[in-house]
Amino acid sequence: MANDDVKRCTRCVMDADVPGIRFDENGVCNFCHVHDKLERLFPTGEEGKRTLEAMAEKIRRKGRGRKYDCVVGVSGGRDTSYCLYYCKEKLGLRPLAVHFDNGWDSDVAKTNLAKVCDGLGVELHTIIMDWPESRELTNATIRACVPYIDLTDDVGIASALYRTAAKEGVRYIILSHSFREEGITPLLWNYMDARYTRALIKRFCTMPLVHFKNVDIHHMLYWILFKGIHVFNMTNYYDDVGEHVERILAERFGWIDTGQHHMDNEMFALVYYYSRHKFGFDWRIIELSAKIRTGVAAREEVLEALKEVPFFENEELVDYGLKKQGFSREEFDAILKAPNKYFTDYPSYYPLLKALRLPIKWLCRAHVVPAHAYEKYFETI
Ligand SMILES: [Zn+2]
């Protein structure tokens, strides 16, 4: 859905409708500038390799005498599978793979996960969320009319990683989010914190969530200060991303491509459809802009691609999603027509985070919390 009438960044394809976008005198957007800044902060190549080696040494030292050196979040998708392989085989770490399943994992993702963990001889812990509660929390985000409706997954992954690391006495959580591959999401499209989650549960859940474990500030303080847990975003330092990684995984483990990045989570058909029909945006704009910035895709080619609706965003998969979530079409259509909301319309910790901006920057640079959380929280709004 590339709208030709709206002003667009002269370098990537982010447009004036993206919340938090600003253009410089050359028409280049702030998301491109954030990307360039992250490129300087997290170099790949030889310098990246040196950082990874130094970090691996530190992780091994902290892991001495323990069963595992680190916890690695895995989904069965390309990037997390490769990250696990990199940890084990290239850096010689002893990882524990942790997977969170909110009930939407595709069969291909589950098979991939088993193949990669078996192939590497890595133990896998899967945390499965109680399905009625998972469904209800997702439905609460839909009823809240906010852009991102897969909050359940994001909170669940954070909770699973920290809780497993704390339980196992592991000091490092390894993430594999890549700004080069996945791009930089505007904060208004994808925000999460414990107070906001609690507010949505209180207002929009129709049943009590007994098993759900939120990730609150006091939990974070306990994990960081008393358990000494750090988060290291490894993917920031290596060049091994993109399609050639898929070939390595396929040859080595018999890993199968899900057909579309993120489709290891079957809810994405509903997520994409909802955002397009309610907010008028296409999630692919973020990832495709990243591909232009890294030279993987040409701008014109991306503009053409955006004119087409992705194959998985079809009525059949959307109906399947609605049925699984227990929504009728009428109820869902009424939500699509209701006024759009953002996290700023609900209580959240964001005012507090703004007040703590500088300490957060320090924690990001010290790899205590995810490395580019600072840019995400303060430079994309
Ligand atoms: Zn741009």
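The model is predicted. The chain has 18 helices and five strands. Its radius of gyration is 20 Å, close to the 21 Å that the globule rule gives for 381 residues, so the chain is as compact as a globular protein of that length.

**Overall build**

- The C-alpha trace spans about 55 × 50 × 45 Å along its principal axes.
- Of the 381 residues in the chain, 41% are buried.
- When contacts between residues at least 6 apart in sequence are considered, 77% of them join residues at least 24 apart.

- The five strands form an open sheet with parallel pairing, in the order 3-2-1-4-5.
- Strand 3 (124-128) and strand 5 are the edge strands, each pairing on one side only.
- From one strand to the next, the twist averages 25°.
- Strand 4 (residues 172-175) is covered on both faces: Tyr-172 and Ile-174 are buried on one side, and Ile-173 and Leu-175 are buried on the other.
- Strand 1 (residues 70-73) runs parallel to strand 4 and is joined to it by three bridges; across this pairing, Val-72 stands opposite Ile-174.
- Strand 5 (residues 230-233) pairs with strand 4 in the parallel sense over four bridges.
- In that pairing, Ile-173 stands opposite Val-231, and Ile-174 stands opposite Phe-232.

**Helices on the sheet**

- Helix 3 (residues 78-90) lies across strand 1, strand 2 (95-101) and strand 4, and runs at about 160° to strand 1.
- Helix 6 packs on the sheet and touches strand 1, strand 2, strand 3 and strand 4; its direction makes about 145° with that of strand 2.

**The nonpolar core**

- In soluble globular proteins, nonpolar side chains tend to be buried together.
- The largest nonpolar core here has 88 residues.
- Residues with the most contacts inside this core include Val-72, Leu-84, Leu-161, Ile-173 and Ile-174.
- Helix 6 (residues 151-168) gives the most to this core, with eight residues.
- Apart from its neighbours within four places in sequence, Leu-84 is in contact with Val-72, Val-74, Pro-95, Ala-97, Val-116, Leu-120 and Val-122.

**Helix 11 and helix 14**

- Two packed helices are described by the angle between their axes and the distance between the axes.
- For helix 11 and helix 14 (residues 315-325), the angle is about 105° and the axes are 8 Å apart.
- Helix 11 is therefore roughly perpendicular to helix 14.
- Ala-269, Leu-270 and Tyr-273 of helix 11 make the contact with Leu-317, Val-318 and Gly-321 of helix 14.
- Phe-268 lies in helix 11 (residues 268-279) and counts as buried because it has 23 C-beta neighbours inside 10 Å, where the cut-off is 20 or more.
- Phe-268 and Val-318 are 50 residues apart in sequence, and their C-alpha atoms are 9.2 Å apart in space.

**Helix 12**

- Nine of the ten residues of helix 12 (residues 284-293) are buried, so this helix is largely enclosed by the rest of the structure.
- Among the buried residues of helix 12 are Arg-284, Lys-291 and Arg-293, along with Ile-285, Ile-286 and Leu-288.
- The buried residues of helix 12 pack against helix 1 (30-41), helix 7 (179-182) and helix 13 (299-307).

Notes. Residues are numbered from 1 along each chain as its sequence is written. This is a predicted model: local features need pLDDT of at least 70, side-chain atom pairs count only at pLDDT 80 or more; totals for chains, interfaces and linings use all residues. A residue is buried if 20 or more other C-beta atoms lie within 10 Å of its own, exposed if 12 or fewer, and partly exposed in between; C-beta atoms are placed from the backbone. Helices (H or I, at least four residues) and strands (E, at least two) are DSSP runs, numbered from the N terminus. Two strands pair if DSSP finds at least two bridges between them. The radius of gyration is taken over C-alpha atoms; the globule rule is 2.2 Å times the number of residues to the power 0.38. Two residues are in contact if their C-beta atoms, placed from the backbone, lie within 7 Å. A nonpolar core is a set of buried Ala, Val, Leu, Ile, Met, Phe, Trp, Tyr and Cys residues joined through C-beta atoms within 7 Å. Axes are lines fitted to C-alpha atoms, for helices over the stretch in contact, and angles run from 0 to 180 degrees between N-to-C directions. Angles under 35 degrees count as roughly parallel, over 145 as roughly antiparallel, 65 to 115 as roughly perpendicular and the rest as oblique.
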